[in-house]
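I opened my notebook to get to know a new structure, one look-up at a time. Come along and read the entries beside the picture.

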Amino acid sequence: MKPFTQRTVPLLIAAGMGLAAAAAWSAETLQDVMKRRNLSQQDLLAAAKTYVPTGKRDEFVAFSSGGQSGQVIVYGIPSMRILKYIGVFTPEPWQGYGYDANSKAVLDQGRIDGKEITWGDTHHPAISETNGKYDGQFLFINDKANPRIAVIDLRDFETKQIVVNPVFKSEHGGAFVTENTEYVIEAAQYPAPLENKKFYPLEEMNEKYRGGITYWKFDRKEGRIVPAESFTIEAPPYWQDLSDAGKGPSHGWAFTNSFCAERYVGGIEKGRPPYEAGCSAKDTDYLHVMNWKKAEELVKAGKAKKINGHNVLPIEVAAKEGVLFLIPEPKSPHGVDVSPDGKFIIVGGKLDTHASVYSFDKIMAAIKAGKFESKDPYGIPVIGMKDALHTQVQLGLGPLHTQFDAKKCVAYTSLYVDSQVAKWDYCEGKVLDKISVHYNIGHLMTMEGDSADPQGRYLVALNKLAIDRFVPVGPLHPQNHQLIDISNDKMQLLYDMPLPLGEPHYAVAISASKLKPGVRYKVGTDSRTDKPHPGAVRAGEEKIVKKGNKVEVFGTLIRSHITPETIEAEVGDEVVIHLTNLERAQDETHGFTVSTYNVHASVEPGKTVTVKFKADKEGVYPYYCTEFCSALHLEMMGYLLVKPKGWKPTKTTLAKAGYTEADYKATLKKVADTQAVIDSVVAYITSVNYKDFPDVVAMVEDATDQLNKIPEAKKKHEAAAAAKDWEQANLWAEQVWQYQVKAADLGLRAKTYLEQNGAKKIK
Ligand code: RUQ
Ligand code: CUA
């Protein structure tokens with residue numbers, strides 16, 4: 001390489017090479033470190049099982065509910081490194097979620113009776129399935145507090161849709177998907193009148209309050225829920241809890257457990273025993289067994305009634321037509337999980353020490369034979385527990401949720417009160433192993449462990465309390481996700497991960513190889529609708545349109561400038577700014593904000609985003625790119641000038657820097673030196689098989705983009721120089737250098753990539 005100038009050197013070196021680390025610490029041996037840090041052999045083994053070296057990636061990706069944050073947390077397994085928070089029911093500033101107009105439109109779908117609700121209590125994420133197996137296309141998650149379901153597209157990890165349940169006032173048993181994601185299941189929790197905004201006293205609980213299970217139709221091609229084709233199976237005011245869908249032999253059926261089948265109404269302030277006493281007084285509650293295929297037919301045949309514009313299949317119809325059956329389950333149960341082969345349904349006892357394993361075959365046999373032990377007060381046939389049970393296994397105190405292993409018949413159940421995980425065989429009905437966790441485990445998760453094809457390997461315990469596990473950070477502690485190795489006979493605890501964003505209830509984990517997220521959008525895409533954005537423009541088409549008191553900006557972003565660099569408005573104008581990121585390079589996101597107007601956008605390559613606000617205050621408002629996108633990131637800015645009405649300029653020229661011919665010549669020299677660097681990098685890249693590396697091809701395209709802008713700037717500086725306008729000549733020559741620097745930066749990145757990934761010389 002030729003020597004380059006003083007200013008170029010640090011920039012290019014920083015871009016091209018890492019710092020050679022001084023290796024003083026490596027003098028310590030493994031034994032030294034073990035001694036100094038007081039680590040056992042067991043610790044080292046655990047560390048080796050979770051450590052993911054730099055440059056390597058995790059085998060699995062977990063999607064955890066973000067609990068009260070209303071978000072989804074994405075992390076890798078086994079490293080337990082957090083990869084992303086996805087804004088779902090709650091604004092998330094980094095992603096511009098709730099701060100740009102396009103994502104606000106998604107959050108607005110979650111309004112209830114017109115009221116903005118900016119938080120959610122997310123509980124259960126579900127990955128879309130094909131034949132009962134995770135397909136990695138979509139993620140669904142519920143909001144328990146304000147009954148809603150959100151759809152996240154795993155091509156870009158963005159929330160695309162929020163649907164509000166039109167008949168529930170709360171829900172818990174969502175989101176769970178049917179075998180081919182035909183439906184997303186959402187079951188109510190606390191009974192309430194199904195009619196919207198209708199009051200009935202608690203004394204009318206049995207008559208007027210209802211539960212239900214909603215089946216949201218999912219259109220996979222559109223990637224959206226279709227409310228008009230969705231329906232709810234009305235249910236008695238038992239407190240429906242979690243759900244799971246059948247698969248394989250039980251395809252077409254779904255199961256929802258419940259508690260407080262006592263239909264107890266508390267009122268401690270009136271001297272009545274509280275809910276907790278009355279809701280767990282009896283020994284059994286009801287597992288709801290539903291034939292959703294049949295329900296779908298009945299709804300299509302017009303057997304549903306409309307409540308709040310939504311299809312509701314009345315209890316009488318469901319009971320009479322063989323859609324809804326009940327089976328007793330002990331005692332205030334929690335969690336219902338269908339085995340991978342679809343043959344068994346496992347319910348945790350919560351207040352009982354057993355897990356109950358129901359046999360789908362036996363349930364079907366009882367239904368076929370019309371063998372029911374009774375009817376519930378609403379006329380729903382009740383199948384006898386002994387006629388449906390395969391086995392019951394005593395696991396310990398507070399059994400809740402069950403997940404499955406890749407090994408046949410092996411399941412894991414969380415024991416809330418014992419703070420343990422039980423590994424057991426649900427075919428034979430015996431306990432295999434137990435491990436203690438810290439503390440009070442709720443859900444647990446194995447890899448793809450609620451699908452038809454569990455992957456085994458790891459289990460994560462989602463503990464409710466962290467107590468003494470971490471450095472204290474005040475009375476509010478983080479949550480504790482504990483990673484457990486389940487590949488051997490004995491479970492081994494590997495790692496504690498604090499999760500400080502709300503209480504994650506449930507999580508799902510998928511093989512990383514099944515996820516295929518995109519790198520860039522088709523230029524001009526509105527990522528929230530997946531459609532072309534009407535405000536998108538290409539390079540050179542940028543414009544500002546002023547109509548009445550609306551200023552509409554059609555702008556672009558590319559390293560390192562925002563076009564336009566000045567936006568003028570009058571006080572009271574509505575300002576609408578559409579921005580298209582013209583970059584193609586991976587990870588070249590630009591952000592955008594305007595001082596004090598509470599707007600923010602994250603504009604990934606190819607995306608178009610709109611921000612809107614009323615310019616209600618006279619003044620000068622810098623706007624700038626909020627992602628550190630390039631060396632000239634800080635210069636990626638402009639001014640919004642909000643003028644008083646009828647304002648007239650008194651000064652019409654900008655101050656000059658007074659550049660001379662010598663400055664211009666120096667800049668030209670710098671340009672020539674930089675060109676030499678570029679030439680040497682280009683020579684290297686084209687001497688190897690770079691076309692075999694798609695990432696490099698994208699970088700080369702991007703660099704070429706930058707270089708292609710040079711001739712125009714060059715023409716301008718040469719014309720200015722011919723006219724002896726050294727000010728303009730020098731500035732346009734500087735702009736040439738800007739394009740070069742960005743091209744060189746990309747070229748060096750490409751070169752490093754090629755060197756590290758074994759590019760081969762070609763002739
Ligand atoms: S549940 S309390 Cu998933 Cu155990 Cu929400
Ligand atoms: Cu674009 Cu910083």
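Predicted model: local features only at pLDDT ≥ 70, side-chain atom pairs only at ≥ 80, totals over all residues.

**Entry 1: a pair across the chain**

I started with aspartate 530, which counts as partly exposed because its relative accessibility is 30%. Residues are numbered from 1 along each chain as its sequence is written, chains are lettered from A and ligands numbered from 1 in the order in which they are written, and side-chain values use heavy atoms, with hydrogens and water left out.

Next I looked up the partner of aspartate 530: it forms a salt bridge with arginine 224, with the closest N and O atoms 3.3 Å apart. The pair links distant parts of the chain, 306 residues apart, with aspartate 530 in the loop between β34 (525–526) and β35 (531–532) and arginine 224 in strand β11 (residues 224–225). I use "salt bridge" for a side-chain nitrogen of Lys or Arg within 4 Å of a carboxyl oxygen of Asp or Glu; helices (H or I, at least four residues) and strands (E, at least two) are DSSP runs, numbered from the N terminus. Arginine 224 counts as buried, at 15% relative accessibility. I also found both residues in a salt-bridge network with Asp153, Arg155, Asp156 and Lys160.

**Entry 2: another salt bridge**

How many salt bridges does a search of the whole structure find? I noted 40. One I looked up joins arginine 559 and aspartate 702, whose closest N and O atoms are 2.6 Å apart. Arginine 559 lies in the loop between β37 (550–558) and β38 (561–563) and aspartate 702 in helix α12 (residues 694–708), so the pair ties together parts 143 residues apart in sequence. Arginine 559 is buried at 1% relative accessible area, and aspartate 702 is buried at 3%.

**Entry 3: around ligand 1**

Which residues are around ligand 1? I listed His123, His124, His172, Leu242, His334, His401, His443 and His505, counting a residue as near if one of its heavy atoms lies within 4 Å.

Last, I checked lysine 423, in strand β27 (residues 420–425).

How values were computed
Buried < 20%, exposed > 50% of the residue type's maximum accessible area, 1.4 Å probe, protein only.
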